[in-house]
Amino acid sequence: MKHLSKKILKNLEKEKGEILEEINTDIPNYKEIEDHKEAKETMKAYLEELINEVETAIKTDNAPKTQEAIEEAKEILNVKQQDITS
């Protein structure tokens, strides 16, 4: 999930020339969290927040690589959510 967050931010900066202030770029250091489940939840929450902030702040239609990274992240989040509920 950290990789997906970085990919979204990298593509956003390339396509828009900057990352807006309202977008939280402070990716949590999940390695500092001893409880594996808590670390995964922290990263999941950050990634969901990042997706929401980016989609709110910009028109992703004009940022195809950013949109592609967001869709990839949503797909993975959805798969992980299904794994939890099954």
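Proline 64 is exposed, its relative accessible area being 52% (buried denotes under 20% relative accessible area, exposed over 50% and partly exposed in between, with a 1.4 Å probe and protein chains only). The model is predicted, so that local features need pLDDT of at least 70 and side-chain atom pairs count only at pLDDT 80 or more, whereas totals for chains, interfaces and linings use all residues. Residues are numbered from 1 along each chain as its sequence is written, and side-chain values use heavy atoms, with hydrogens and water left out. Proline 64 is placed in helix α3, which covers residues 64–85; helices (H or I, at least four residues) and strands (E, at least two) are DSSP runs numbered from the N terminus. Between the C-alpha atoms of proline 64 and aspartate 35, which are 29 residues apart along the chain, the separation is 36 Å.

The secondary structure of the protein consists of three helices and zero strands, and the pattern along the sequence is α-α-α. The radius of gyration is 13 Å, close to the 12 Å that the globule rule gives for 86 residues, so the protein is as compact as a globular protein of that length. This radius is taken over C-alpha atoms, and the globule rule is 2.2 Å times the number of residues to the power 0.38. The C-alpha trace spans about 35 × 30 × 20 Å along its principal axes. Of the 86 residues in the protein, 30% are buried. Among contacts (heavy atoms within 4.5 Å) with a separation of 6 or more, 65% are accounted for by residues 24 or more positions apart.

Helix α1 (residues 2–16) and helix α2 (residues 36–57) have axes that come within 9 Å and cross at roughly 20°. Helix α1 is therefore roughly parallel to α2. Axes are lines fitted to C-alpha atoms, for helices over the stretch in contact, and angles run from 0 to 180 degrees between N-to-C directions; those under 35 degrees count as roughly parallel, over 145 as roughly antiparallel, 65 to 115 as roughly perpendicular and the rest as oblique. The crossing of α1 past α2 is left-handed, a term applied if the near helix is turned anticlockwise from the far one by less than a right angle, with right-handed used if clockwise. On α1 the contact is made by Lys2, Leu4, Ser5, Ile8, Leu9 and Leu12, and on α2 by Met43, Tyr46, Leu47, Leu50, Ile51 and Val54. The residues of this contact comprise 10 nonpolar, one polar and one charged (Ala, Val, Leu, Ile, Met, Phe, Trp, Tyr, Cys and Pro count as nonpolar, Asp, Glu, Lys and Arg as charged, and the others, Gly among them, as polar).

Isoleucine 51, located in helix α2, counts as buried at 5% relative accessibility. Apart from neighbours within four places in sequence, isoleucine 51 is in contact with Ile8, Ile70, Ala73, Lys74 and Leu77. Isoleucine 51 and isoleucine 70 are 19 residues apart in sequence, and their C-alpha to C-alpha distance is 6.4 Å.

Threonine 42 also belongs to helix α2 and, at 26% relative accessibility, counts as partly exposed. When residues up to four places away in sequence are not counted, threonine 42 touches Pro28 and Ile33. From threonine 42 to asparagine 52, 10 residues apart in sequence, the C-alpha to C-alpha distance is 15 Å.

In helix α1, lysine 16 counts as partly exposed, with a relative accessibility of 32%. Lysine 16 touches Ile58, Lys59, Asn62 and Ala63, residues up to four places away in sequence not being counted. The C-alpha atoms of lysine 16 and leucine 50 are separated by 16 Å, the two residues being 34 residues apart along the chain.
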